[in-house]
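How is the central sheet of this protein put together, and what lines one of its pockets? Please consider the model shown here before reading on.

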Amino acid sequence: MPTTTPFSSTHPVVLIGAGNMGGAMLSGWLKSGVPGSAVIVVDPGPSPAMLATINEAGATHLTALPKDLKASVLFLAVKPQVMETVLPAVKSAVGSGTVVVSVAAGKTLGFLEKHLGKAAMVRAMPNTPAMVGRGVTGAFANSGVSDAQRERVHSLLRVSGPVEWVPAEADIDAVTALSGSGPAYVFYLVECMAEAGRKLGLQADLAMRLARETVAGAGELMHQSPDDASRLRENVTSPGGTTAAALAVLMGENGMQPLFDAALAAARKRAEELAG
């Protein structure tokens, strides 16, 4: 989806917070062709590597926003726990043409409006594979977001992977539970597989290498294949074979599905609690 209004020094992208997620998004924007002169990064203490990226791109780093600056897109990439402290200091950057984008889990549009006033707003939930350009983002836009602003936001979010727009704000909490937190579930799966391999007699480091490469390879196969996950699973499973024996446990009454049901429900509940 093309950017309908070019970003420029007079229509800047203002990034609040250049930590892991904000930094990943910034790197993606710069690689996708957003000019450094159109990017303003506000962070009291970016890492040396991030500061070098900002400087090399010709972007602007500030520790606080000047009162006369108006953003084309105000991108909020700070932790939800500090959002209430940060918002009053950035309210001045919200003008009549600004669209605000928040990636803070649990913080509702109502919460943002309380601190920033009525504005075009988007809640987005990317995940950490955005750092390697393989993330996925769920997003919801309020009624104040124009088609042009939505395209502008889409162009910024898509640099780290696909963007899925959801029809209701409440869906963002479910997105947070599924894909926002999801990479941690996959990493824990690797830990569990490696530990099970160790208990079968493999050296711990060998078991971990096998588990890591198996999950990474399976993910890449799924990424490249047109088949859905169930078909790929069936392709690996010979009737009466070793995989079938393992899946009989994993897909049993007390197997993975009820665990994931409970895990995602807990994550969504926590996202709702973070709304305050």
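Predicted model: local features only at pLDDT ≥ 70, side-chain atom pairs only at ≥ 80, totals over all residues.

Residues are numbered from 1 along each chain as its sequence is written, and side-chain values use heavy atoms, with hydrogens and water left out.

Eight strands form an open sheet of mixed pairing, in the order S3-S2-S1-S4-S5-S6-S7-S8. Strands here are DSSP runs (E, at least two residues), as are helices (H or I, at least four), and both are numbered from the N terminus; two strands pair if DSSP finds at least two bridges between them. Strand S3 (60-62) and strand S8 (163-165) are the edges: each has a single partner strand, so one side of each lacks a neighbour in the sheet. From one strand to the next the twist averages 20°, with axes fitted as lines to C-alpha atoms and angles running from 0 to 180 degrees between N-to-C directions.

Strand S1 (residues 13-16) runs parallel to strand S2 (residues 39-42), joined by four bridges, and is likewise parallel to strand S4 (residues 73-76), again through four bridges. Val-14 has Ile-40 as its bridge partner in S2 and Leu-74 as its partner in S4. The chain passes from S1 through H1 to S2 in a right-handed β-α-β crossover, a term meaning that, with the strands pointing away from the viewer, the path from the first strand over the helix to the second runs clockwise. In a regular strand, side chains alternate between the two faces of the sheet. In S1 both faces are covered, with Val-13 and Leu-15 buried on one side and Val-14 and Ile-16 buried on the other; buried denotes under 20% relative accessible area, for a 1.4 Å probe and protein chains only. Further out, S2 and S3 pair in the parallel sense over three bridges, and Val-42 stands opposite Leu-62 in S3.

Arg-123 belongs to strand S6 (residues 120-125). Arg-123 is buried, at a relative accessible area of 3%.

The second largest pocket is lined by 38 residues, and Ala-77, Val-78, Lys-79, Pro-80 and Val-103 lie nearest its centre. A pocket is an open set of points on a 1 Å grid over the protein atoms alone, where a 1.4 Å probe fits, with protein on both sides within 12 Å along at least five of seven lines; lining residues have an atom within 4 Å of a point.

Notes
Buried < 20%, exposed > 50% of the residue type's maximum accessible area, 1.4 Å probe, protein only.
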